[in-house]
Number of protein chains: 2
Amino acid sequence: METTVGMSSVLEQDIREKFRRSGYTLTSQRRAVLEALKEARGHPSAEDVYLTVKRKNPRVALGTVYQALSVLEEIGVVDSKHWSESPTRYDLNVEPHLDIRCARCGAVSEIPGVELGELEENIRYNTPYEVKRTTIVVEGLCPSCREA
Amino acid sequence: METTVGMSSVLEQDIREKFRRSGYTLTSQRRAVLEALKEARGHPSAEDVYLTVKRKNPRVALGTVYQALSVLEEIGVVDSKHWSESPTRYDLNVEPHLDIRCARCGAVSEIPGVELGELEENIRYNTPYEVKRTTIVVEGLCPSCREA
DNA sequence: CTTCGGAATAGGAATGGTTACTGATTGGAG
DNA sequence: CTCCAATCAGTAACCATTCCTATTCCGAAG
């Protein structure tokens, strides 16, 4: 049974490697953004991340958080999804997966157990475009908002 | 072999019916927005629609176009898709379908021949949320932008 | 045909998430 | 330690979209 420290180390190693390969530097602010994403429940917005980071480092700028998230996404450490009429949400799960957002309270959670490989394959087969990215955003009502 | 006028009539009939049922009024501005969508190649933005409508009615307001598009979507006549970092695109195909947007030139075209029913089914089966809407946005490079 | 009330519109201001800009700071290579 | 490029903080700007208000339009009822 691994300790949390152990798992965290492995993650650190992987991230360090991705930074090294990309040429970007793993600064304290970018580390803080990663920490905030790790602590967060659900899928925080840039503003959420900013507020979390600010608790420990009050001088950090919102723009820095946006830039950090953009770098982290570029090197494959962070995934982002955008639902219209609400801020972009970020998370650490970079594997293709589904997220659903509650139209009423804004909560985002993952939908497990849906195979997406075949869809991706069909898309590539049926378009002359060079496919870069497929994003699926699902909207609905979470169990508690459904009642109200 | 139907004439264009004939097909247009059928469309008009269907739309008139949807307006009637919804309680919204089919005003000249809303009709003009529909015309602009019919004429447009690809999937225009609200601004595109606004510019087209403005050619015949220079007094129309951008806000009116947005409101018209929103009403048309609500009654099931228009479909919209939003790619992050670019304005929302609209079209008249309200059946579930895939659209891909070129990351370089912004062109949007449809991807035919991909079955989406099973995905929708799997989504509903695997989440406790009440699913309202599933949107798939695909990004890539169109054939001509791929070269450059 | 006229009147009346609510819906829709024009015009423009406001919003809000995100990006761009600038000068100061930092951190790693030599 | 010094230098240079990358990064950062702070703030202004951007832009798609929404909101606001006075005016106009539409269609139902007389």
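The exercises below, each with a worked solution, concern a predicted model.

**Exercise 1.** Determine how chains A and B are related, and through which surface the copies meet.

*Solution.* Step 1: superpose chain B on chain A; this takes a rotation of 180° with 0.0 Å of shift along its axis, at an RMSD of 0.1 Å. Step 2: the two copies are thus related as by a two-fold rotation axis. Step 3: within chain B, B:Ile136 has the C-alpha nearest the axis, 2.2 Å from it. Step 4: 100% of the interface residues of chain B are also interface residues in chain A, so the copies meet through the same surface.

**Exercise 2.** Give the strand order of the 6-stranded sheet and identify the strands at its edges.

*Solution.* Step 1: the order in this open sheet is β4(A)-β3(A)-β5(A)-β5(B)-β3(B)-β4(B), with mixed pairing. Step 2: β4 (108-111) of chain A and β4 (108-111) of chain B stand at the edges; each has a single partner strand, so one side of each lacks a neighbour in the sheet. Step 3: from one strand to the next, the twist averages 30°. Step 4: in chain B, β3 and β5 run parallel and are joined by 4 bridges; B:Ile100 has B:Val138 in β5(B) as its bridge partner.

**Exercise 3.** Describe the surface near DNA strand C by residue, element and class.

*Solution.* Step 2: the elements giving two or more residues are α4 of chain A and α2 and α4 of chain B. Step 3: α4(B) supplies the largest share, 4 residues. Step 4: by class, there are 8 nonpolar, 11 polar and 3 charged residues.

Conventions
Residues numbered from 1 in each chain as written. Chains lettered and ligands numbered in written order. Predicted model: local features only at pLDDT ≥ 70, side-chain atom pairs only at ≥ 80, totals over all residues. Near = placed C-beta within 6 Å. Nonpolar A, V, L, I, M, F, W, Y, C, P; charged D, E, K, R; others polar. Least-squares fit on C-alpha atoms with pLDDT ≥ 70 in both. Contact = placed C-beta atoms within 7 Å. Pairing = 2+ DSSP bridges. Axes fitted to C-alpha atoms, helices over the stretch in contact; angles between N-to-C directions.
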